Amino acid sequence: MVMDEMSNDEMNPGAHVADSHDWIRVHGARENNLKDISIELPKRRLTVFTGVSGSGKSSLVFGTIAAESQRMINETYSTFVQGFMPTLARPDVDVLDGLTTAIIVDQERMGANIRSTVGTATDANALLRILFSRLGVPHIGSSQAFSFNVASISGAGAVTIEKGGTTTKERRSFSITGGMCSRCEGRGSVTDFDLGQLYDDSKSLNEGALTIPGYSSDGWYGRIFSGSGFFDPDKPISKFTKKELNDLLYKEPTKIKVDNINLTYEGLIPKIQKSFLAKDVEALQPHIRAFVERTVVFTTCPDCDGTRLNEGARSSRIGTVNIADACAMQISDLAEWVRGLDEPSVAPLLTALRELLDSFVSIGLGYLSLERSSGTLSGGEAQRTKMIRHLGSSLTDVTYVFDEPTIGLHPHDIQRMNALLLRLRDKGNTVLVVEHKPEAIAIADHVVDLGPGAGSAGGTVCFEGSLDGLRASGTITGRHLDDRASLKESVRTPTGTLEIRGATTNNLRDVDVDIPLGVLVVLTGVAGSGKSSLIHGSMPTGAGVVSIDQAGIKGSRRSNPATYTGLLEPIRKAFAKANGVKPALFSANSEGACPSCNGAGVIYTDLAMMAGVATPCELCEGKRFQASVLEYHLGGRDISEVLAMSVTEAEQFFGAGDARTPAAHAVLVRLADVGLGYLSLGQPLTTLSGGERQRLKLATRMGDKGGIYVLDEPTTGLHLADVEQLLGLLDRLVDSGTSVIVVEHHQAVMAHADWIIDLGPGAGHDGGRIVFEGTPADLVAGRPTLTGQHLAAYVGAASSRDGEASVAVAP
């Protein structure tokens with residue numbers, strides 16, 4: 001080896017062997033749908049990965065490169081430490097060479113814990129607490145005294161101490177001064193329950209009186225309450241004594257025995273508070289969220305006025321500002337306030353706090369406040385919040401991995417995001433970005449285009465090289481890169497209006513607006529201008545609205561498109577009817593499950609701190625069902641063969657012939673409409689890309705009854721070619737008599753609208769007003785707003801073929 005190094009130096013004087021590692025080499029990648037691909041990525045450059053949704057971008061970048069980097073870093077720790085860390089399997093790849101430390105900044109929502117805020121998630125609160133504990137007047141204690149997650153407690157008692165072979169008892173006391181409001185326990189709101197939604201008091205427990213999700217009389221919780229012995233389970237709740245009703249609703253945790261099993265009994269209300277209300281309401285499953293919204297009334301805590309902090313924490317001030325005031329400020333205003341503090345004794349702390357708050361502003365999140373619950377942030381806001389801690393980092397030669405960082409950004413904000421990505425690259429880091437927006441692809445040093453299709457039709461590298469090379473290539477991305485939608489020649493006539501009056505949610509400033517119905521309406525404006533507040537927080541009740549937001553799909557590896565969309569229900573019934581047996585036999589999560597793998601299709605072996613091993617089940621050969629179940633057929637196919645079908649194939653199968661099932665066919669048509677024809681019905685949800693999950697949710701909610709559809713950024717995760725198909729779907733919805741309201745930043749959707757409502761002019765307290773209402777043509781002609789200027793540049797490119805106009809909209 002030494003001789004090799006010497007010969008290299010002799011052949012190329014001045015070169016060092018350490019300088020030869022300028023590439024990340026991937027050979028034989030087969031993760032998910034990748035087809036044994038090999039690529040080399042330049043280090044210290046910005047590489048953008050493109051391709052249709054489901055083509056394998058995330059499998060290559062996140063599932064292979066980033067996953068292996070993190071796994072190898074974890075292996076540097078002792079086995080003891082690894083036992084406390086998440087176990088990561090080695091990606092299915094032959095060779096990965098030249099990896100550096102990977103920092104992943106993905107689209108996953110931030111924790112939905114009700115105690116998590118923007119301030120706690122970014123350490124801004126921690127710095128503020130120290131600041132107030134040092135400079136606040138009056139001084140009330142350490143930084144814990146300003147934390148709404150620390151309760152004030154005190155205690156005293158005797159402790160036994162052994163000294164020099166003798167045992168003595170001493171009296172000790174302790175006290176902790178915390179900032180938590182004792183009434184709301186640091187949540188900022190108190191809850192009141194509508195007892196009529198918890199139970200039907202005309203029934204007994206054994207008759208199914210409890211109406212809480214998961215508390216049926218034959219379920220586990222139902223058995224606990226019926227067998228507790230604190231009340232007669234056959235007596236209607238309306239006839240309970242005062243003590244019995246109190247035990248049912250409020251009893252403290254108590255040890256009981258039911259069916260010779262030792263259990264803990266707890267009243268309904270504390271149980272609901274711990275299981276349902278410990279999370280942010282927005283993050284709950286749809287049926288539980290609906291239950292909570294109709295059962296629980298959240299009111300601002302009267303003791304702390306929603307600040308979460310007790311009187312002591314609020315009494316300490318720096319000048320005229322207490323910590324609750326500071327957290328309630330818009331971050332851009334808070335940054336100015338901190339900049340005005342001049343106290344040499346805490347100079348390093350003030351410098352760190354200024355840099356952190358300035359990072360919020362520079363990344364386009366200056367309109368947030370530190371008290372904002374992190375569970376209410378959109379996917380794009382959450383991703384940019386995670387970026388903040390990396391902006392000021394002194395680390396170099398790090399690989400930063402971004403998943404569509406332009407999500408939720410107005411074209412004006414994309415320029416700022418591009419500058420941040422280039423700043424990370426120019427510090428000597430490798431930046432890998434999965435992206436669809438042409439404005440973001442335009443800054444790439446290197447482009448990798450995957451495809452040509454999605455799912456099994458993707459997984460190959462179609463192009464690798466420069467942006468100009470991509471534009472000249474014949475790939476789907478190359479052909480659509482300069483696509484620009486043109487304005488409609490004529491717009492639809494509204495059939496009515498939806499009136500919103502005096503909207504004041506979040507930063508809205510007493511907004512009055514008439515949203516036309518029977519047409520395609522697009523709400524635009526910079527991030528934080530108040531679009532979601534207007535459409536989600538101010539819509540009149542009873543308007544028949546079906547809202548499809550950006551919340552992530554929850555599902556385990558047992559969940560798949562068939563279970564998520566409700567498609568499996570009519571399929572099971574069709575199999576049962578054709579064969580004269582129970583529908584439960586055709587569920588791999590119920591009676592039909594293979595007894596060896598419990599319907600998982602694989603056997604999982606836990607290897608402690610090492611990654612577990614999943615091997616195909618030998619009994620069912622990965623089909624998940626008992627052999628006897630597979631003997632039942634519908635239209636010549638068994639249930640495992642049906643679940644292996646693609647949506648397109650299944651649509652034909654259930655549309656005609658012996659297997660004709662109208663209920664299943666209707667769901668499959670909707671899945672095909674949103675461009676998911678290539679998905680197999682039994683593909684685990686955990687393997688779907690972000691764009692695929694968004695469209696799966698869209699297809700599911702399209703079956704809901706409602707005259708108005710509200711879509712929150714439906715182009716999220718969609719390739720340029722898929723946006724065209726989405727516009728066709730929106731047109732079909734409107735033409736069928738449905739009113740469609742879209743919150744969107746994509747200029748193609750704006751250009752296709754019948755009516756545009758633009759909010760702004762800025763974000764936070766600089767926004768919250770209607771700055772334009774009218775047709776896209778009027779917006780382009782007048783260019784009265786930022787949106788108008790960017791849309792005019794965009795549609796101007798549509799009329800020009802010389803290539804220069806398309807560059808004009810790129811930052």
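# Notebook: a first look at the predicted model

**Confidence.** I started with the scores. This is a predicted model, and its chain averages a pLDDT of 85. I noted that 92% of the residues score at least 70. Strand β3 (residues 46-50) has the highest mean pLDDT, 96. Helix α30 (residues 804-808) has the lowest, 33.

Over residues 1-11 the pLDDT stays under 50. The model gives residues 1-11 5 contacts beyond four places in sequence. The pLDDT is also below 50 over residues 797-811. That stretch has 17 contacts beyond near neighbours in sequence. I keep a caution here: where pLDDT is low, the predicted coordinates should not be read in detail.

**Helix α13 and α12.** I turned to helix packing. How do the axes of α12 and α13 cross? Helix α12 covers residues 331-339 and helix α13 covers residues 347-362. Their axes come within 9 Å and cross at roughly 155°. Angles over 145 degrees count as roughly antiparallel, so α12 is roughly antiparallel to α13. I recorded the crossing as left-handed.

I listed who meets whom. From α12 come Ile331, Ser332, Leu334, Ala335, Val338 and Arg339. From α13 come Leu350, Leu353, Arg354, Leu357, Asp358, Phe360 and Val361. By class, this contact has 9 nonpolar, 1 polar and 3 charged residues.

**Helix α13 and α5.** Helix α13 also packs with helix α5 (residues 124-135). The angle is about 150°, and the axes are 10 Å apart. That makes α5 roughly antiparallel to α13. The crossing of α5 and α13 is left-handed. On α5 I found Ala124, Leu127, Leu128, Ile130 and Leu131 in the contact. On α13 I found Leu349, Leu350, Ala352, Leu353 and Leu356. Which classes make up the contact of α5 with α13? I count 10 nonpolar, no polar and no charged residues.

Most residues other than glycine have a negative phi, and most peptide bonds are trans.

- Aspartate 123 has a positive phi of about 70°, although it is not a glycine. Aspartate 123 sits in the loop between α4 (118-121) and α5.
- A cis peptide bond joins valine 137 and proline 138, with omega about 0°. Proline 138 lies in the loop between α5 and β6 (153-163).
- The bond from glycine 760 to proline 761 is cis too, with omega near 0°. Proline 761 is in the loop between β26 (755-760) and β27 (769-774).

**Aromatic pairs.** How many aromatic pairs does the structure hold? I noted 10. I examined phenylalanine 231 with tyrosine 265. Their ring centres are 6.3 Å apart and their planes stand at 65°, so the pair is edge-to-face. The pair links distant parts of the chain, 34 residues apart. Phenylalanine 231 is in the loop between α6 (220-226) and α7 (242-250). Tyrosine 265 is in strand β10 (residues 261-265).

**Proline 452.** My last stop was another loop. Proline 452 lies between β16 (446-451) and β17 (460-465). What does proline 452 touch, leaving out residues up to four places away in sequence? I wrote down Val52, Ala457, Gly458, Thr460, Cys462 and Ile476. I also checked proline 452 against serine 559. They are 107 residues apart in sequence and 27 Å apart in space, C-alpha to C-alpha.

Key:
Residues numbered from 1 in each chain as written. Predicted model: local features only at pLDDT ≥ 70, side-chain atom pairs only at ≥ 80, totals over all residues. Heavy atoms only, no water. Axes fitted to C-alpha atoms, helices over the stretch in contact; angles between N-to-C directions. Helix = DSSP H or I, 4+ residues; strand = E, 2+ residues; numbered from the N terminus. Parallel < 35°, antiparallel > 145°, perpendicular 65-115°, else oblique. Left-handed = near helix turned anticlockwise from the far one by under 90°. Contact = heavy atoms within 4.5 Å. Nonpolar A, V, L, I, M, F, W, Y, C, P; charged D, E, K, R; others polar. pLDDT = per-residue confidence, 0-100. Phe/Tyr/Trp six-rings, centres within 6.5 Å; stacked < 30°, edge-to-face > 60°.
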